[in-house]
Amino acid sequence: MKLDARIPDGPIDTKWERHCFELKLINPANKRKFRVIVVGTGLAGASAAASLAELGYQVDAFCFQDSPRRAHSIAAQGGINAAKNYQGDGDSIYRLFYDTVKGGDFRAREANVYRLAQVSVNIIDQCVAQGVPFAREYGGYLDNRSFGGAQVSRTFYARGQTGQQLLLGAYQALARQVGNKKVRMHRRCEMLDLVLVDGHAKGIITRDLITGEISRHAADAVILATGGYGNAFFLSTNAKGCNVTAAYRAYKKGAAFANPCYTQIHPTCIPVAGDHQSKLTLMSESLRNDGRIWVPKQKGDRRAAGDIPAQDRDYYLERKYPSFGNLAPRDIASRAAKEVCDEGRGVGPRGLGVYLDFAESIQRLGSHVIEERYGNLFEMYNRITGEDPYASPMRIFPAVHYTMGGLWVDYNLMSNLPGLFVLGEANFSDHGANRLGASALMQGLADGYFVVPYTIGHYLAGQRPAAVSTEHAEFARAEEETRQRISTFLSLKGSRTADSFHRELGAVLWDHCGMSRSASGLKEALRRIPALRQEFWENLRVPGSGADLNQSLEKAGRVADFMEFAELLCHDALTREESCGGHFREEYQTSEGEAQRDDANFTHVSAWEFKGLESPPEEHREPLIFENVPLAVRSYK
Amino acid sequence: MRLKLHVWRQRGPADAGQMVSYDMPDVSPDMSFLEMLDVLNERLTLEGEEPIAFDHDCREGICGACGLVINGIAHGPTRGTTTCQLHMRSFKDGDEIWIEPWRARAFPVIKDLVVDRKSFDRVIESGGFISVNTGSAPEANILSVAKDSADQAFEYAACIGCGACVAACKNASAMLFVGAKVSHLASLPQGRVEAGRRARAMVSAMDAEGFGSCTNQFECEAVCPKDISVRAIAKMNREYLRAGLLESES
Ligand SMILES: Cc1cc2nc3c(=O)[nH]c(=O)nc-3n(C[C@H](O)[C@H](O)[C@H](O)COP(=O)(O)OP(=O)(O)OC[C@H]3O[C@@H](n4cnc5c(N)ncnc54)[C@H](O)[C@@H]3O)c2cc1C
Ligand code: FES
């Protein structure tokens with residue numbers, strides 16, 4: 001396997017423009033001869049599918065939900081970053097670039113991040129033109145808020161429903177092209193395998209979730225925009241359907257998987273309430289603009305929050321990180337919460353929680369202002385916990401939220417498999433070892449609206465259109481394997497459900513590969529996961545048949561892939577013998593307990609090649625070179 | 001607490017379907033409604049029965065995937081709340097709960113509690129957008145938009161497309177859904193250009209899908225988990241009529 005990032009030469013601020021000029025073009029009349037498959041209709045997939053269709057390509061788009069509008073992006077709350085500098089507070093493309101590289105703990109590719117910051121401004125323009133109702137000031141101009149890891153206000157938002165509004169914008173653009181017959185929309189249709197012909201991605205195998213029909217789809221290129229793999233942990237803030245299947249199937253077909261151990265644990269989620277818990281709910285990071293985080297100073301202080309006087313409270317983020325305070329980046333805020341809970345100072349029935357307190361802001365601004373800013377989040381908190389956050393502080397605890405790792409891609413967002421492009425959370429490209437808040441929406445839309453529409457043409461220009469049909473033997477083989485797998489699931493007739501295996505797998509990952517990791521814990525996980533997987537394949541029970549809607553069967557397929565993928569995740573975590581961003585290895589910390597990077601040995605991307613389940617994956621390294629932001633210890637003190 | 005559930009079971013579109021009863025001996029008030037169904041499904045699977053099919057994804061009240069008629073009310077007893085955000089503390093020990101799918105001609109049942117809502121997508125495809133290609137947008141702050149208009153647009157844009165409005169309406173009308181989209185886009189200067197054409201296209205697509213006409217009883221507003229106001233319907237009618245007038249004048 002050869003990894004060539006194809007980073008253009010020249011100064012960082014002109015790379016993208018020059019590169020666009022040098023990319024091959026396809027004339028408008030020829031574009032319609034090419035067909036592109038887009039798997040996923042979240043921000044990344046919907047924006048790509050719509051934009052490619054507008055350019056004239058024929059597009060087939062796929063999602064497993066009943067409508068493209070329900071992709072997980074819909075749930076994003078807080079906002080989207082862009083270097084508009086509307087507040088005149090010193091923001092710039094360079095500063096957004098700098099913050100993202102630093103926030104990612106120097107484990108992202110500079111050139112990609114710079115381009116992201118550049119196109120961020122176009123995204124806001126595009127979305128406003130689509131009718132996205134961003135928050136505005138009384139003068140009628142766009143409003144901004146602050147997010148973690150930044151000292152400027154560059155986050156655009158639509159109350160606590162920014163993802164919804166951005167996705168509806170992209171969905172509507174996509175719907176327009178479906179109506180124009182430029183996009184064929186395949187709903188409730190799950191990709192179960194990738195088809196390679198002569199090493200190039202030329203199609204996929206899908207299952208229609210209503211009829212159970214297995215189909216072959218051929219195209220000139222395949223785009224995966226299938227989201228992140230946070231649900232490997234079972235409990236996460238992701239929607240229930242989020243999964244790693246599409247990316248993992250591509251990995252098994254030879255696509256490199258980069259930095260799987262970079263997972264983000266979000267500091268502000270509603271704590272677990274009981275064993276029935278099916279998912280965790282995020283309370284947007286934007287709340288940290290007005291909420292103060294604290295725990296009692298004394299271990300085991302069981303007084304109600306309101307009865308604990310100021311001198312007995314420890315506002316630990318403000319104390320430890322005075323210049324960023326409650327807006328310290330996510331990895332740092334999460335670890336700090338774990339630390340105080342480990343010390344026995346956690347709050348709530350299980351002791352796994354910290355307070356997020358709005359009392360002062362309510363006093364300063366009035367509750368109507370807080371309601372206008374966060375009303376829907378406060379309601380959601382109240383519905384889930386039965387407590388009123390206007391009256392007493394919220395209880396929050398970290399939860400798995402986002403995955404920085406993903407399929408390896410070059411500067412063109414193409415994987416090492418020619419013709420396979422990967423966008424959005426599914427790729428690894430821009431956030432290094434830690435993503436800053438409000439940057440995932442930015443990246444998904446950058447990839448889909450402003451990057452892949454250019455770069456895919458360069459690949460397609462070298463291809464003969466419609467060169468491959470679904471009659472090719474590779475399609476038959478992939479289809480047969482998919483059918484086999486489904487009939488195996490149905491034939492096992494064991495005594496445990498896919499959900500129960502998933503819960504157990506999630507607990508192993510959370511305990512050993514969660515907020516902090518150690519060689520011994522990871523080795524333990526690597527011992528337990530294969531054993532659990534073996535039990536899965538012996539003792540799984542999938543009721544019903546493959547010939548109609550069967551949610552247990554869908555679940556089994558996803559859990560089966562998580563079972564294999566979890567091992568890759570732990571393997572990567574074990575190999576990366578340093579702490580960086582969301583990856584915290586207990587062995588590598590400073591005397592003050594801060595993450596300790598090892599730049600001499602680990603300033604690289606680890607991209608893994610599948611070598612069969614019985615052998616460890618093979619590591620390929622892409623060195624990371626920092627020419628613009630000098631490698632430095634990341635400090636938020 | 002102990003509950004008795006009566007759940008609509010239907011093997012497929014051709015099956016007649018029936019209510020089936022289940023005992024739930026140990027429900028925690030902290031569970032969400034769907035978590036209670038998860039527990040039941042785990043049990044049914046191990047007992048060799050097929051679990052109950054229902055749609056869900058985000059479980060945060062935003063994707064619009066979930067939707068059950070609970071004791072005769074779309075999304076259940078708590079106002080402004082999706083099924084997934086309904087928690088069992090809204091019920092009490094000994095309660096009986098009837099659980100059914102959305103019922104509407106334009107939403108045929110696929111299986112158990114799962115219905116087909118593609119008709120909603122087709123209505124949006126007919127005109128529920130602003131026609132702007134990627135890359136052709138002007139600088140965002142070139143046009144100021146009154147805060148009131150932006151806020152109003154947001155109120156309508158908050159629709160999650162769940163279909164509760166249709167399920168609650170005797171005529172299975174989709175006026176609130178369509179009105180919300182028409183009003184969202186018509187409230188913004190960017191959306192004014194196509195406002196009339198959009199209203200007419202969406203209304204005729206809505207009719208073609210088999211959604212009924214408005215009963216003026218506003219059941220839709222009462223069950224909308226996002227509290228979208230029926231003013232959306234009036235606004236849509238206005239846009240529709242205005243477009244008709246302009247057309248007859250020209
Ligand atoms: C609760 C929450 C709040 C967030 N808030 C913010 C925020 O405020 N700001 C921010 O920047 N980021 C936020 N994020 C992160 C951000 O929402 C996601 O990273 C981003 O939306 C991912 O978009 P995507 O297009 O890559 O994938 P997704 O939106 O996850 O879409 C994946 C798509 O792929 C499809 N799919 C997946 N697998 C298959 C398959 N096998 N076959 C067919 N289709 C498939 C799905 O149907 C779906 O359409 C938040 C995340 C969460 C969980
Ligand atoms: S599951 Fe998404 S709104 Fe209920």
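**Figure 1. A pair of strands in chain B, and the sheet around them.** Strand β3 of chain B, residues 69-70, pairs with β4(B) in the antiparallel sense over 2 bridges. One place to look is Ile70(B), whose bridge partner in β4(B) is Ile73(B). Please keep in mind throughout these views that the model is predicted. Stepping back, 5 strands of chain B form an open sheet with mixed pairing, in the order β2-β1-β5-β3-β4. Which strands stand at the edges? They are β2 (18-24) and β4 (73-74) of chain B; each has a single partner strand, so one side of each is left without a neighbour in the sheet.

**Figure 2. A helix packed on the sheet of chain B.** Helix α1 of chain B spans residues 33-46 and packs on the sheet. On the sheet, α1 touches β1 (3-9), β2, β3 and β5 (96-100) of chain B. To follow how the helix lies, compare directions: that of α1 makes about 90° with that of β2(B).

**Figure 3. Where the two domains of chain B meet.** Chain B is divided into domain 1, covering 3-111, and domain 2, covering 118-249. Their C-alpha centres lie 29 Å apart, and the contact takes 18 residues from domain 1 of chain B and 20 residues from domain 2 of chain B. The area buried between these domains is about 1400 Å², and carbon and sulfur atoms give 60% of it.

Figure 4. How many salt bridges are counted between domain 1 and domain 2 of chain B? The count is 1.

**Figure 5. The interface of chain A and chain B.** Here 78 residues of chain A are in contact with 76 residues of chain B. Together the chains bury about 6300 Å², with 51% of that area on carbon and sulfur atoms. Across this interface there are 9 salt bridges and 46 residue pairs in polar contact. For a close look at a salt bridge, find Asp548(A) and Lys111(B), whose closest N and O atoms are 3.1 Å apart. Several helices give two or more residues to the side of chain A that touches chain B, among them α3 (43-55), α5 (110-130) and α16 (551-575) of chain A. Which element gives the most to that side? That is α6(A), with 9 residues.

**Figure 6. A parallel sheet in chain A.** In this view, 5 strands of chain A form an open sheet in the order β5-β2-β1-β9-β17, and the pairing is parallel. The edge strands are β5 (183-186) and β17 (420-422) of chain A, each pairing on one side only. Neighbouring strands of this sheet are turned by 20° against each other on average, direction ignored. Within the sheet, β1 (residues 35-39) and β2 (residues 58-62) of chain A pair in the parallel sense over 5 bridges. As a landmark, Val39(A) has Phe62(A) as its bridge partner in β2(A). Helix α12(A) lies across β1, β9 (221-224) and β17 of chain A, and runs at about 150° to β9(A).

Definitions and conventions:
Residues numbered from 1 in each chain as written. Chains lettered and ligands numbered in written order. Predicted model: local features only at pLDDT ≥ 70, side-chain atom pairs only at ≥ 80, totals over all residues. Heavy atoms only, no water. Pairing = 2+ DSSP bridges. Helix = DSSP H or I, 4+ residues; strand = E, 2+ residues; numbered from the N terminus. Contact = heavy atoms within 4.5 Å. Axes fitted to C-alpha atoms, helices over the stretch in contact; angles between N-to-C directions. Domains from an automatic or database assignment. Buried area = accessible area lost by both parts, 1.4 Å probe. Salt bridge = Lys/Arg side-chain N within 4 Å of Asp/Glu carboxyl O. Polar contact = N/O pair within 3.5 Å; in protein donor to acceptor, adjacent residues only side chain to side chain.
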